[in-house]
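The overall figures come before the individual residues.

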Amino acid sequence: MIRDLSYIDVLYLIAAMRWTLALTAIAFLGGGLVGIVVALLRTANWAPLRWLGAIYVHGVQGTPLLAWLFVFFFGLSIVGITVSPWLAAAAAYSIYAGAFLGEIWRGCLQAIARTQWEAGASLGLSTAQQLRYVIVPQAVRIAIPPTVGFLVQLIKNTSLAAVIGFVELTREGQLTTATTFRPFTVYLIVAALYFALCFPLTRWSRRLEGRLHVAR
Amino acid sequence: MTYSFQFRDVFAAWEFLLDGLTLTLLLSAVGMVAGLTIGAAGAAIRVYGGPWPRRIVSGYVEAIRNTPLIVQLFLVFFGLPGLGIKFDAETAAMLTLSVNLGAYTTEILRAGLEAIPKSQLEAGRSLGLSGWQVFRHVVFFPALKVIYPALASQLVLLMLATSVVSQISAQDLFHAASIIQSRTFRDFEVYAVVAVAYLALALIFRAFFAVLHHLLFARR
């Protein structure tokens, strides 16, 4: 039944943002865990580990996120797991975000001069202690702006989960369009809501970056 | 696990995959050329333009970069007909991808232009180079060299992002997958094959950009 677009629809759209945010949070957590492993693999001393990390990163960065979503949505049922859009999305986004975060964090680890490691070693710290007390505290500082920047990408890309029926902001927009038949207004509101989420983060990331350059 | 994988049905429908691949390549090519053109104009305005043109361009860049591509596609394909502006799916896809990439390349090219200090331009002039020579040797190639890696990965990302146009039923490679899926019910196999196809394309694109990098900068 077609009815008119009203305030309640806008409220529903705003409410649907919480699923966008929830999916972003899951993706960021899962992707963060994967990303730490990837960054460590990519900076490992043993070459085969580095290759493994490189294959993972290039494999994921060379395939569309949409393909991962579909492969998980249809693929997991093959191994006998009943797939909800939540599970498929969580898995696909963790893999996807892990590759990008891993690359960002690898760059940050490698930006710390070799001499810092050596200084740690000469103080008698173990490799783990060097990471914990010397490298990571410095790397985290330079990692924050690009990580926030990637968070914006992640928020935007959660919109693709709509295609496997995950109800978040974009899917809610599709559903609202179907009942009100006002696609222009609805998608404009959806776009504005994404903008409201992403723009402050973009500005914040840029400001952090600026501050970092001043400190140098 | 009792599932038996069956790729034969997928490859039997290779004509769909080939047609889809053609549109994916076409969209990538058009998107790249148009996106780079928009980006070059946008970056020039951002760096050398007056205050108002600068503000308009940065409004465009922020609006595009802070909203998802799929919503932009829906807005153009489903939304604009309500205002009496109608496109077929392929045109809507080309238009949206170009405008989308244009915003990203504006930012990248701007960073490149700003990486060239003004003193370099003055140095070029004082050596007696013409305006065109300064642009070519002092601005264009050095700036391009700085941003080349960022630009190349943005273009590969664009190629992968073209898969989203399947959602407005433009008949690209990803859309071909959903057609084959609905005919054969080989869900997993279809999307696995298509994922590998995109991976191959991404590697080919990367190789192409590496060769181009060598041709452009090997003797500079």
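Chain A exposes about 10,700 Å², of which carbon and sulfur atoms supply 69%; accessible areas come from the Shrake-Rupley method with a 1.4 Å probe, and for residues only the protein chains shown count as cover. This is a predicted model, in which local features need pLDDT of at least 70 and side-chain atom pairs count only at pLDDT 80 or more, while totals for chains, interfaces and linings use all residues. Residues are numbered from 1 along each chain as its sequence is written, chains are lettered from A and ligands numbered from 1 in the order in which they are written, and side-chain values use heavy atoms, with hydrogens and water left out.

**Chain A overall**
- Chain A has eight helices and zero strands, where helices (H or I, at least four residues) and strands (E, at least two) are DSSP runs numbered from the N terminus.
- Its C-alpha atoms fill a box of roughly 75 × 50 × 25 Å along the principal axes.
- Of the contacts (heavy atoms within 4.5 Å) in chain A between residues at least 6 apart in sequence, 74% join residues at least 24 apart.
- Chain A carries 16 positive and 7 negative side chains, and the centres of the two sets lie 10 Å apart. Lys and Arg count as positive and Asp and Glu as negative, without His and the chain ends; the charge is placed at NZ of Lys, CZ of Arg, CG of Asp or CD of Glu.

**E172(A)**
- E172(A) lies in helix α7 (residues 169–180) of chain A and is buried, with a relative accessible area of 15%.
- Leaving out residues up to four places away in sequence, E172(A) touches Y12(A), L13(A), A16(A) and V167(A).

**Aromatic rings**
- Over all chains, the structure holds 23 aromatic pairs. Rings of Phe, Tyr and Trp (its six-membered ring) pair if their centres lie within 6.5 Å; planes under 30 degrees apart are stacked, over 60 edge-to-face and the rest tilted.
- The pair F174(B) and Y191(B) is tilted, because the ring centres are 5.5 Å apart and the planes stand at 35°.
- F174(B) is in helix α8 (residues 173–184) of chain B and Y191(B) in helix α9 (residues 187–217) of chain B, so the pair ties together parts 17 residues apart in sequence.
- F174(B) is buried at 2% relative accessibility, and Y191(B) is buried at 1%.
- Ring pairs link F174(B) and Y191(B) with F70(A), F73(A), F74(A) and Y198(B) into a cluster.

How values were computed:
Buried means under 20% relative accessible area, exposed over 50%, partly exposed in between (1.4 Å probe, protein chains only).
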